[in-house]
Amino acid sequence: MNIKRPLMPGFLKRVDQKLLLNKPGIWSTRIHLVVYYGILFLLVLGVICFLEPNDPRANSTTEPWVGFVSLIAGIGFIVWMIYLLRFNVFKKYGIIHPLHALVTFFLYFISTGIIVSFGYVHPIVETAKANMAYSTKEIVDDVNNINIKIYQLEYNQFQGKWDYDTVELVKKDTAVAAPVYDDAQTFVDTIAAPVEAVSRNEYDHYQYDSTGFSNKINAADSLIKLKDSLYLVYQTPQLQFLDPYLYNVGIKEHLLSDFELFRKVHGHRSTLAQQDTIYKELSLLLKKYEYPVYASYPTVEVGTSDSRWEIIQKKYRLPGIESSISHVLKKKYRWNGNDLQVYIRIFYYLTLGFTLLIFIFRHTTVRTFFLSILAGVLITIFTVLILSFARAEAIQVLVCLSAYVVLFLFLASTVFWAKKRSAISGIALNIFTLIVAAVPISLLALYYEYRHRQLRLNNIYDVEPFDLEKYAIYAEVGGSVLLLVLISTYLSKAYRRWYALPEN
Amino acid sequence: MLLRWYGNFRFFTRTFILTLKPMHKRIAEIQSYLQHNDHSLAVRRILDASLDTADLSLLKEAIQVSQLYRQYKEAGLPPSFFETANTLLNKINNVTERFTESTRLLVTATEIGKTYGSGNFSLKPISLQVKTGDVLGIVGENGNGKTTLLRCMAGQLALDSGELHFPQLQNPDHYEIKHQLAFIPQRIPKWYGQLKDNLHFSAAISGVKGEENTVMVDFMLERLDLTPYAHLTWNQISSGYRTRFEIARILLQKPKLLILDEPLANLDINAQQSILTDLRFMAKSVHNPMGILLSSQQLHEVEKIADTVLLIKKGSCLFRTGEQEKTATAFVIELETTANRDQLLTVLAAQGELQFNGGFYTINSATLPAQEILTKLVTAGIPISYFRDITHSTKRFI
């Protein structure tokens with residue numbers, strides 16, 4: 001192809017010519033152009049995102065970026081589809097390999113994947129920038145140091161009496177429901193009556209059965225045993241002055257708890273000279289995380305009714321610091337755990353969906369393609385309306401979906417004994433192609449709902465039939481495999497036959 | 001033993017002579033064209049002959065000859081052109097022996113008919129056969145079913161009656177059939193990108209790959225005189241050249257059966273002539289013979305090159321040249337003259353009927369053949385600007 005394309009190097013022209021002369025099937029997908037221009041755009045976008053004057057401590061700008069880049073990706077997709085995908089071996093009745101459909105589907109998937117990946121550049125670059133600016137250990141150490149130093153500076157304010165609860169062991173029948181604390185921790189030792197204790201409320205008297213009692217005792221910061229079945233459970237005052245949202249459970253283990261902070265500082269009252277040094281060090285640390293936008297926090301004046309906690313927060317401008325650290329951590333841990341799975345699924349399903357649309361578009365007439373889209377939308381609307389009016393449950397929705405799959409498969413298969421090209425069989429074939437990858441996950445959901453229903457019929461409620469999430473991934477992979485197998489066998493033959501049939 | 005050897009020898013010489021004869025004749029014809037300054041025709045025939053050798057190196061040489069001709073045709077051809085052409089012809093002469101000409105039946109249509117659901121038109125059952133090397137013309141007025149017949153033959157329209165049989169294909173599906181035949185509609189669908197790339201693509205999807213692809217595309221560009229337009233796009237060329245490009249594209253796909261709907265519609269008179277003769281030559285190519293089915297309003301041009309012409313009127317086959325033309329009961333002449341009706345009637349002396357359609361006179365005579373009428377007219381001093389014997393032409397039915 002000798003058309004003058006911007007930034008098209010000589011090697012790409014040679015590749016283009018070689019593919020045109022020898023592999024027209026691959027050439028017609030224009031994957032070489034999409035890969036080259038796609039990677040070029042990814043690099044340019046990456047550099048632009050990297051040079052974006054956005055501080056890692058600031059709020060993420062990913063959402064508007066993703067929106068903007070998605071528009072560009074959309075334009076790229078349209079350009080690819082309209083201006084580049086104009087040559088079609090299949091529609092010109094050229095010589096096609098038995099695996100032609102599968103290979104072209106795979107190439108469309110790669111091309112679409114590159115275009116869809118545009119939207120992931122900014123979040124990835126933002127994560128890289130956050131990782132480069134702050135390591136997790138550095139943040140954890142700094143947060144611990146800030147908390148220690150504030151405690152050291154405000155030492156006198158925390159010399160008061162600790163709150164305690166009275167905890168009593170009773171028989172199971174008479175136990176009073178008690179709150180459950182997630183942050184239970186096991187101690188190495190206990191501090192017996194560190195300060196004079198006072199009950200916050202005379203009603204803070206809890207009764208537990210043996211399990212609850214044991215949990216409460218194990219989670220206590222400090223205890224006074226009144227008798228075997230009666231304890232005073234002391235709680236350390238809140239000393240985690242800086243407590244940013246962490247976005248990663250792993251970090252929490254490294255942050256000093258209230259009790260650990262107490263143990264580190266208690267009994268080491270600092271002198272005035274030391275306090276001056278501590279204050280300077282603290283100021284440096286705070287400045288490190290203080291983002292100018294959030295510096296407006298300290299302008300809030302301390303009120304006469306403010307609590308000790310609120311005064312400290314305002315005095316050291318901690319809410320702003322906390323936001324900054326949270327922003328950094330959010331950027332760093334954007335790709336962790338379930339979030340990563342979500343992002344992968346979004347990428348995969350967007351790519352798969354667009355790839356299927358292109359695959360169908362390239363194997364059917366333009367008229368039938370748009371009729372299929374219209375039919376799909378109309379069928380969805382009518383089905384939703386009917387199911388809504390019938391107050392259908394999930395199982396009925398899934399049965400309906402399965403019935404549609406069977407119906408479309410049957411209508412699509414009529415092409416093998418038809419003598420004329422029919423729009424109905426073409427539409428059915430297109431819709432079946434579009435939804436077939438979802439068949440395994442639908443069947444799994446149907447089976448799950450069926451088992452769930454059986455359990456409910458037997459008055460068993462809080463039991464899951466099986467771990468749906470665990471099997472869902474198998475069903476998703478199975479759906480993709482099923483699609484690929486059908487493309488290389490049934491679908492390629494059905495499309496070949498349907499497209500070549502004479503019209504009426 | 002001797003007899004057996006003699007028998008083999010006779011068989012070999014007979015085959016050899018029979019095979020070489022037409023090819024040698026072609027070479028001699030081309031040399032004659034060169035001698036008599038019919039250079040354009042000679043170059044086209046050299047290209048055809050080189051294609052029949054199926055030898056890439058000879059094809060490349062033929063392309064060079066053609067390029068040389070294009071380069072010097074205005075200024076005068078240099079001796080090197082003739083030297084190169086003759087050397088090439090000698091080489092072609094030496095390799096033609098590997099080919100044998102044979103005709104094969106491509107398609108048989110038996111009583112095929114089509115009725116449109118919306119409208120009153122229906123194509124009445126028609127039977128026809130196309131063999132390799134055949135050119136079959138379909139003529140008729142607008143709206144009489146020519147395009148419907150061609151689309152039925154091309155497998156684009158479902159038949160309501162009758163059947164199509166492709167003897168060369170073993171249990172073909174519709175895709176395979178459409179791969180083997182090519183249909184060029186009157187309104188050629190738009191191409192995208194450079195015209196040359198489209199040609200490369202068409203050749204490649206038909207299995208013509210690599211260097212062969214490049215040579216074949218260059219060949220086709222030279223053959224249809226398209227080289228100067230190769231790097232242009234669809235919007236940059238005239239409708240006549242679009243038709244030529246479409247023909248080039250289709251020919252690169254090496255179809256067994258080529259179906260063309262009104263291919264002459266967008267061509268000038270010279271182009272009509274050359275395209276039709278080129279098509280006839282290509283159909284009878286030794287290397288890749290094919291059957292051609294074409295429709296046109298240009299009756300005389302089609303009749304000149306077609307082996308059989310079908311006249312379609314109101315969906316029925318009204319007349320077919322060949323068998324039916326023997327049934328003519330009168331001599332029919334078409335005449336353009338400045339003489340008036342009375343003068344003509346005097347010349348005819350009641351031996352013929354005269355009709356005038358505003359442009360031409362048509363003379364029907366049961367006794368006077370064309371030569372005699374012409375003699376009478378010339379003898380009587382009637383000025384004649386156009387004279388055609390249409391006794392065996394489909395024109396007499398229109």
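Analyst: The account below starts with how the model is to be read, then turns to the interface and to some features of each chain.

This is a predicted model, in which local features need pLDDT of at least 70, side-chain atom pairs count only at pLDDT 80 or more, and totals for chains, interfaces and linings use all residues. Residues are numbered from 1 along each chain as its sequence is written, chains are lettered from A and ligands numbered from 1 in the order in which they are written, and side-chain values use heavy atoms, with hydrogens and water left out.

The contact (heavy atoms within 4.5 Å) takes 29 residues from chain A and 32 residues from chain B. The size of an interface is often given as the accessible area lost when the parts come together. Here the buried area, which is the accessible area (1.4 Å probe) that two parts lose on being put together, summed over both, is about 2,700 Å², and carbon and sulfur atoms give 60% of it. On the side of chain B, the residues that lose the most area to chain A are B:Y175, B:F201 and B:I205, together 28% of what that side buries.

The rule finds two salt bridges across the interface of chain B and chain A; a salt bridge is a side-chain nitrogen of Lys or Arg within 4 Å of a carboxyl oxygen of Asp or Glu. A:E503 forms a salt bridge with B:R151, and their closest N and O atoms are 3.9 Å apart.

The elements of chain B that give two or more residues to the side touching chain A are α6 (174-180), α7 (195-205) and α8 (210-223). Such helices (H or I, at least four residues) and strands (E, at least two) are DSSP runs, numbered from the N terminus. The largest share of that side, six residues, comes from α7(B). By type, the side of chain B that touches chain A has eight nonpolar, 15 polar and nine charged residues. Ala, Val, Leu, Ile, Met, Phe, Trp, Tyr, Cys and Pro count as nonpolar, Asp, Glu, Lys and Arg as charged, and the others, Gly among them, as polar.

Confidence is given by pLDDT, the predictor's confidence in each residue, from 0 to 100. Chain B averages a pLDDT of 84, and 90% of its residues score at least 70. In chain B, confidence is highest in α7(B), at a mean of 94, and lowest in helix α1 (residues 2-35), at 61. Over residues 1-19 of chain B the pLDDT is below 50, and this stretch has four contacts in the model beyond near neighbours in sequence. For chain A the mean pLDDT is 86.
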